[in-house]
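Me: I have a structure to go through with you. Let's take it in short questions and answers.
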Amino acid sequence: METKQSPLKVRRKAVLKRLSIWTLCWVLTEALVVFGHNTLWEGSRALTIIGVVINLIFGIGMVFTYRNLMGLLDELERKIQLESMGLTLGLTLVVGIAYSVMDITNLIPVDAEIGMLVFFMGFCYIACMLINKRRYQ
Amino acid sequence: MKNRIRVLRAEKNLTQAELADAVGVSRQTINAIEKEKFDPSLPTAFRIARIFGQTVEEVFHYQGE
């Protein structure tokens, strides 16, 4: 049996789909620039700059699409998102600086990598979302 | 904030999903309001009260500190 969806749900699905496409393009262009610089166009500066600009455009598109999605959420969903993002931002700042200090003072045997921070942010955001969603269940 | 949404919903024979669609929020939000884990905004409270043909004061009761 086919159930009729409300116009808001339909719009949200459409924006989510757009967000997935922007995110996929952003990740793919990021990978293309990183790997392409060394392997595909062998260090050509011009091509790398073009790649970075395209990557930035996709990144900005992704951020604005996410903002559109926030506008389509209801008040509880928005509260959960904001709490999760606030906690993620705060924890990333604190942990990121501690991580940097550990690198400067050679407390860790490897160089601090931005990738670790991005991984931490992703993990933190997902954990906060799950905890907050459970809180309001 | 206490509320009578569950009782009013039962009287009107409405599911949480149907009420959510009528109010324009998610079913999870209606569930959280019903369980008094989340206080709705004024516009949402007015929309809920209007659906049940009641005033906001008849649906929601503020209990203070």
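Me: How many salt bridges are there between chain B and chain A?
Reply: This is a predicted model. The side chains of Asp21(B) and Lys9(A) meet with N to O at 3.7 Å. That pair is a salt bridge because the cut-off is 4 Å. The count between chain B and chain A is one.

Me: What area do chain B and chain A bury between them?
Reply: The contact draws 11 residues from chain A and 14 residues from chain B. Carbon and sulfur atoms carry 52% of the buried area. The area that the two chains bury between them is about 940 Å².

Me: Which residues in chain B lose the most area to chain A?
Reply: The two chains bury about 940 Å² between them. In chain B, three residues together make up 48% of what that side buries. One of them, Asp21(B), also forms the salt bridge with Lys9(A). The residues that lose the most area are Asp21(B), Lys37(B) and Phe38(B).

Me: How many residue pairs are in polar contact between chain B and chain A, and which helix of chain B gives the largest share of its side?
Reply: Five residue pairs are in polar contact, both residues at pLDDT 80 or more. On the side of chain B that touches chain A, four residues come from one helix, the largest share. That side divides into four nonpolar, seven polar and three charged residues. The helix is H3 of chain B, residues 27-34.

Me: Which residues of H3(B) are buried?
Reply: H3(B) is mostly covered, with six of its eight residues buried. The cover includes helix H3 (75-104) of chain A. From chain B, it includes strand S1 (2-3), H1, helix H2 (16-23), H4 and strand S2 (60-61). The buried residues are Thr29(B), Ile30(B), Asn31(B), Ala32(B), Ile33(B) and Glu34(B).

Me: Which residue just after H3(B) takes a positive phi?
Reply: H3 of chain B covers residues 27-34. Just after H3(B), one residue has a phi of about 60 degrees. That residue is Glu36(B).

Me: How many aromatic pairs are there over all chains, and which residues form the pair in chain A?
Reply: The count over all chains is two. In chain A, the edge-to-face pair has 5.8 Å centre to centre and 65 degrees between the planes. The pair links helix H1 (residues 7-40) to helix H2 (residues 45-72), its members 36 residues apart. They are Trp22(A) and Phe58(A).

Me: Is Trp22(A) buried, partly exposed or exposed?
Reply: Buried needs under 20% relative accessible area, and exposed needs over 50%. Trp22(A) has 28% relative accessibility.

Me: Which aromatic pair crosses between chains?
Reply: The pair is edge-to-face, with 6.2 Å centre to centre and 85 degrees between the planes. On chain A, its member is in the segment after helix H4 (114-135). On chain B, its member is in the loop between H3 and helix H4 (42-51). The pair is Tyr136(A) and Phe38(B).

Me: Are Tyr136(A) and Phe38(B) buried or exposed?
Reply: The cut-off for buried is under 20% relative accessible area. Tyr136(A) is at 7% relative accessibility. Phe38(B) is at 8% relative accessibility. Tyr136(A) and Phe38(B) therefore both count as buried.

Key. Residues are numbered from 1 along each chain as its sequence is written. Chains are lettered from A and ligands numbered from 1 in the order in which they are written. This is a predicted model: local features need pLDDT of at least 70, side-chain atom pairs count only at pLDDT 80 or more; totals for chains, interfaces and linings use all residues. Side-chain values use heavy atoms; hydrogens and water are left out. Contact means heavy atoms within 4.5 Å. Buried area is the accessible area (1.4 Å probe) that two parts lose on being put together, summed over both. A polar contact is a pair of N or O atoms within 3.5 Å; within protein, one must be able to donate a hydrogen and the other to accept it, and residues adjacent in sequence count only if both atoms are side-chain atoms. Helices (H or I, at least four residues) and strands (E, at least two) are DSSP runs, numbered from the N terminus. Ala, Val, Leu, Ile, Met, Phe, Trp, Tyr, Cys and Pro count as nonpolar, Asp, Glu, Lys and Arg as charged, and the others, Gly among them, as polar. Rings of Phe, Tyr and Trp (its six-membered ring) pair if their centres lie within 6.5 Å; planes under 30 degrees apart count as stacked, over 60 as edge-to-face and the rest as tilted. Buried means under 20% relative accessible area, exposed over 50%, partly exposed in between (1.4 Å probe, protein chains only).
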